[in-house]
Amino acid sequence: IDVCASSQARTDWFSYIVLYALPYSAQVLSDHNATALNAILSTINVYLTKRKTLHVPMLRVWDTTDPHPQEDYLTCLWAQISSLKTANWKEHVLWRISDAFPALRESGLPCEFGQVTPPDYDLEIVYPLPQVVFRMFDYTDVFNAEEEEESATGASNAPTLPGAHTIERFLVEEQIHIILETMSFNRAMCARALLS
């Protein structure tokens, strides 16, 4: 990440793209080239610690952080990726075809991709603006009648809604966002997709 020859919006976007891809690819990257993955993560960590977040107070929905904190989208995604790394790159939301068919994992041919070179910095290119993560609910706000019955019998389950800094929360929110974006033309289809 060359911060000096680029704008913060551009560097934020490249950092976001890399962090966004990690839930899908980090386990394989860690198995095949952990050194390169750690180098990428440490570079992003250094960038995020030095990065200015002056936009957060201006973009907040509420003045207070109670009951739910409002934080910068990259800072939140970094916390979620850090929790994924702590969990040894394992998440519990994505369906992978190789999990259903382990033979594919062993016999499948690896894909070789060429090096991706981003374009030179250009003032005319507009990158996405920073955002603040705004959540109305956390796992303590969700009531599940089945859980109440299980707690009465002594059985305990995982929370109905993942915590704010878990990668599962990021993946669930992304799936909801994708459904809303792709099915915005038809409210009935969108509602069915959200309920299934």
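A disulfide here is a pair of cysteine sulfur atoms within 2.5 Å. By that criterion the structure holds zero disulfides. What we are viewing is a predicted model, in which local features need pLDDT of at least 70, side-chain atom pairs count only at pLDDT 80 or more, and totals for chains, interfaces and linings use all residues. Residues are numbered from 1 along each chain as its sequence is written, and side-chain values use heavy atoms, with hydrogens and water left out.

Let me stay with the cysteines for a moment. Burial is defined on relative accessible area: buried is under 20%, exposed is over 50%, and partly exposed lies in between, with a 1.4 Å probe and protein chains only. Cys 76 is buried at 2% relative accessibility, and Cys 190 is buried at 9%.

I turn to the aromatic rings. Rings of Phe, Tyr and Trp (its six-membered ring) pair if their centres lie within 6.5 Å; planes under 30 degrees apart are called stacked, those over 60 edge-to-face, and the rest tilted. The count under this rule is six aromatic pairs. One of them joins Tyr 16 and Tyr 20, a tilted pair with 5.7 Å from centre to centre and 45 degrees between the planes.

Why are these two residues about one helical turn apart? The reason is that Tyr 16 and Tyr 20 lie four residues apart in helix H1, residues 8–50. Helices (H or I, at least four residues) and strands (E, at least two) are DSSP runs, numbered from the N terminus. Tyr 16 is buried at 17% relative accessibility, whereas Tyr 20 is partly exposed at 23%.

Tyr 20 also pairs with Tyr 24: the centres are 6.3 Å apart and the planes stand at 40 degrees, so this pair is tilted. Tyr 20 and Tyr 24 are again four residues apart in helix H1, and therefore separated by about one helical turn. Tyr 24 is partly exposed, at 35% relative accessibility. Trp 13, Tyr 16, Tyr 20, Tyr 24, Tyr 73 and Phe 170 form one aromatic cluster.

Finally, I come to Phe 134. This residue sits in the loop between strand E2 (132–133) and helix H6 (145–153), and is partly exposed at 36% relative accessibility. Thank you.
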